[in-house]
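User: I am new to this structure. Could you take me through it?
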Amino acid sequence: MIDKLKEMITNYVEVDESEITEGSRFAEDLGFNSYDFMCMLGDLEDELDVEIEESEAFKLKTVGELAGYLEGLANG
């Protein structure tokens with residue numbers, strides 16, 4: 001899941017995949033604004049066929065947190 005997220009992240013912000021870690025924070029480390037973040041989540045929903053709760057989405061601050069959340073949805 002982390003590799004999928006890294007690939008997706010580079011479509012939205014200018015950062016090298018090698019710089020993205022599980023601890024990378026979307027806004028502070030990767031430069032996401034809320035619009036880009038929500039657009040990326042929409043694309044992830046389509047690609048993974050899951051539904052991300054908006055209230056939960058704003059609690060996800062790092063790449064690792066999002067990966068864990070998505071894995072939980074996929075396995076749920």
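User: Leaving aside neighbours within four places in sequence, which residues is Y12 in contact with?
Analyst: Y12 is in contact with F32, D36, C39, M40 and D43, where contact means heavy atoms within 4.5 Å. This is a predicted model, in which local features need pLDDT of at least 70 and side-chain atom pairs count only at pLDDT 80 or more, while totals for chains, interfaces and linings use all residues. Residues are numbered from 1 along each chain as its sequence is written, and side-chain values use heavy atoms, with hydrogens and water left out.
User: Where is Y12 found?
Analyst: Y12 lies in the loop between α1 and α2; helices are DSSP runs of H or I with at least four residues, numbered from the N terminus.
User: What is the relative accessible area of Y12?
Analyst: The value is 22%, so Y12 is partly exposed, a class between buried (under 20%) and exposed (over 50%), with a 1.4 Å probe and protein chains only.
User: What lies 3.5 Å from a polar atom of the Y12 side chain?
Analyst: The backbone oxygen of C39 does.
User: Changing topic, how do α1 and α2 cross?
Analyst: The axes of α1 (residues 2-9) and α2 (residues 34-48) come within 11 Å and cross at roughly 135°. Axes are lines fitted to C-alpha atoms over the stretch in contact, with angles from 0 to 180 degrees between N-to-C directions.
User: Which residues meet there?
Analyst: K4, L5, M8 and I9 in α1 meet M40, D43, L44 and E47 in α2.

Notes. Helices (H or I, at least four residues) and strands (E, at least two) are DSSP runs, numbered from the N terminus. A polar contact is a pair of N or O atoms within 3.5 Å; within protein, one must be able to donate a hydrogen and the other to accept it, and residues adjacent in sequence count only if both atoms are side-chain atoms.
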